[in-house]
Amino acid sequence: MQVPYHRYSFDEAEEQAVLATMRSGWLTSGARVAEFETKLAQARQAQEAVALSSCTAGLFLLLKSANLPADSEVITSPMTFAASANVIVQAGLKPIFADVDPITLNIDPTEVEKAITPRTKAIIAVHLAGHPCALDKLKALCEAHQLILIEDCAHALEASYLGKSVGLWGRGGSFSFYPNKNITTGEGGAVITNDTEVVKALRIWRNHGLDRDSFSRENTNLPGQYDIVVPGYKLGMNEMQAALGICQLDKLASFTEARLNRVAAYEAGLADLEGLDWLKPLPEAQSAWHLFIVRLRLDALRVGREQIVQELLAAGIQVSLTYKPVHLFSFYRQLGFTQGQFSVAESASPALFSLPLYPSLAPEAQAYVIDILKKVILSHQR
Ligand SMILES: Cc1ncc(COP(=O)(O)O)c(C=O)c1O
């Protein structure tokens with residue numbers, strides 16, 4: 001059997017919606033983008049949503065539009081994908097990492113506090129796997145030190161902490177709608193926030209710094225009239241992406257239910273194995289369960305992760321090595337980061353990989369993954 005790491009879930013609804021958009025006469029950001037934003041904001045109980053070309057665009061614009069001084073430091077997690085750190089550099093700011101909590105592998109508020117200096121101006125909290133960070137503690141730190149809190153919610157659509165959606169604990173949170181995410185628009189992202197000033201700024205920064213977008217210009221008596229108020233970027237969402245997103249949001253509840261059922265099946269099937277465990281959300285958090293990240297107990301095994309992964313691949317099961325700590329990649333080493341600086345992230349990383357987890361993962365395919373993984377682990381257990 002072949003079990004791919006990911007498959008997106010589209011049907012005739014998405015096909016019809018995109019076709020209707022192509023025939024509508026309006027392709028760039030317009031009524032469908034506005035509808036997608038309204039639906040997303042409602043789904044997350046947020047005041048507003050701003051649709052963008054990617055989650056990365058959202059993180060970047062949340063930082064860029066804050067107009068921080070050039071030497072500002074921004075603290076983030078090393079246990080993440082490139083984008084969470086790259087945006088700090090792109091915004092002309094200095095990335096600082098703080099080590100992660102050994103249980104969740106999310107940024108550890110105690111380590112964040114140690115990393116704060118007079119130049120620290122912001123924190124980017126990454127909700128790894130869709131499991132929310134300790135947002136109450138991070139928010140308290142931000143208030144005490146007058147820092148901006150930005151949330152990387154790429155994995156975390158549908159996640160909340162202490163009953164409040166991720167993305168709404170600070171300046172804003174950015175979701176990803178990349179094809180392997182909980183919903184997809186092909187490529188795409190969106191920021192949610194309760195701060196109307198942030199919404200205003202992002203709408204301008206995403207569209208060349210113009211004070212009016214082409215949709216509103218088209219629908220006034222003065223087409224083509226605008227002012228340029230900042231040197232903005234081109235980072236909006238188009239109508240075909242939004243058409244996909246509207247359909248996907250309509251299915252979000254059923255996607256989430258399917259995802260949670262598959263998580264429950266992994267948890268039941270892999271319980272009692274000495275050779276592994278998996279990342280779980282904090283008890284006070286509701287996770288979006290974007291990823292099911294297995295953590296091998298290397299001391300209980302005679303082989304390392306590469307051997308286990310090779311055997312899974314040989315059995316037709318695709319997995320993903322999420323994540324190598326960002327500070328260990330070439331660019332960040334050139335900035336001066338070194339092995340040994342963030343020991344929790346560094347020691348956890350070689351034991352991690354993610355299993356297939358998506359609504360269309362068939363129960364037989366998942367049972368096969370569980371069966372093979374168990375056999376592989378048991379064959380190498382000490
Ligand atoms: C933690 C994290 N942040 C940000 C991103 C970037 O998302 P996008 O591809 O939508 O820019 C990703 C992408 O997978 C991610 O995993």
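Reader: Why is Phe-60 called buried?

Author: In this predicted model, Phe-60 has a relative accessibility of 7%. Buried means under 20%, so Phe-60 counts as buried.

Reader: What makes Tyr-233 partly exposed?

Author: The relative accessibility of Tyr-233 is 30%. Exposed requires over 50% and buried under 20%, with partly exposed in between. The value of 30% therefore puts Tyr-233 in the partly exposed class.

Reader: How many aromatic pairs are there in the whole structure?

Author: A search finds twelve aromatic pairs. One of them joins Phe-60 and Tyr-233.

Reader: Why is the pair of Phe-60 and Tyr-233 called edge-to-face?

Author: The ring centres of Phe-60 and Tyr-233 are 4.9 Å apart, and the planes make an angle of 85°. Rings pair if their centres lie within 6.5 Å, and planes over 60 degrees apart count as edge-to-face.

Reader: Which residues of helix 2 and helix 9 meet?

Author: On the side of helix 2 they include Val-33, Phe-36 and Leu-40, and on the side of helix 9 they include Ala-242, Ile-246 and Leu-249. The residues of this contact divide into eight nonpolar, one polar and five charged.

Reader: Why does Ile-192 count as buried?

Author: Ile-192, in strand 9 (residues 189–193), has a relative accessibility of 0%. Buried means under 20%, so Ile-192 is buried. Among the residues that Ile-192 touches are Leu-40, Ala-49, Val-166 and Phe-175. The C-alpha atoms of Ile-192 and Gln-47 are separated by 7.6 Å, although 145 residues apart along the chain.

Reader: How do you know that Tyr-5 is buried?

Author: Tyr-5 lies in the segment before helix 1 (12–22). The relative accessible area of Tyr-5 is 17%, and the limit for buried is under 20%, so Tyr-5 is buried. Its contacts include Leu-291, Val-319, Pro-356 and Tyr-358.

Terms used
Residues numbered from 1 in each chain as written. Predicted model: local features only at pLDDT ≥ 70, side-chain atom pairs only at ≥ 80, totals over all residues. Heavy atoms only, no water. Helix = DSSP H or I, 4+ residues; strand = E, 2+ residues; numbered from the N terminus. Buried < 20%, exposed > 50% of the residue type's maximum accessible area, 1.4 Å probe, protein only. Contact = heavy atoms within 4.5 Å. Nonpolar A, V, L, I, M, F, W, Y, C, P; charged D, E, K, R; others polar. Phe/Tyr/Trp six-rings, centres within 6.5 Å; stacked < 30°, edge-to-face > 60°. Lists of a residue's contacts leave out its neighbours within four places in sequence.
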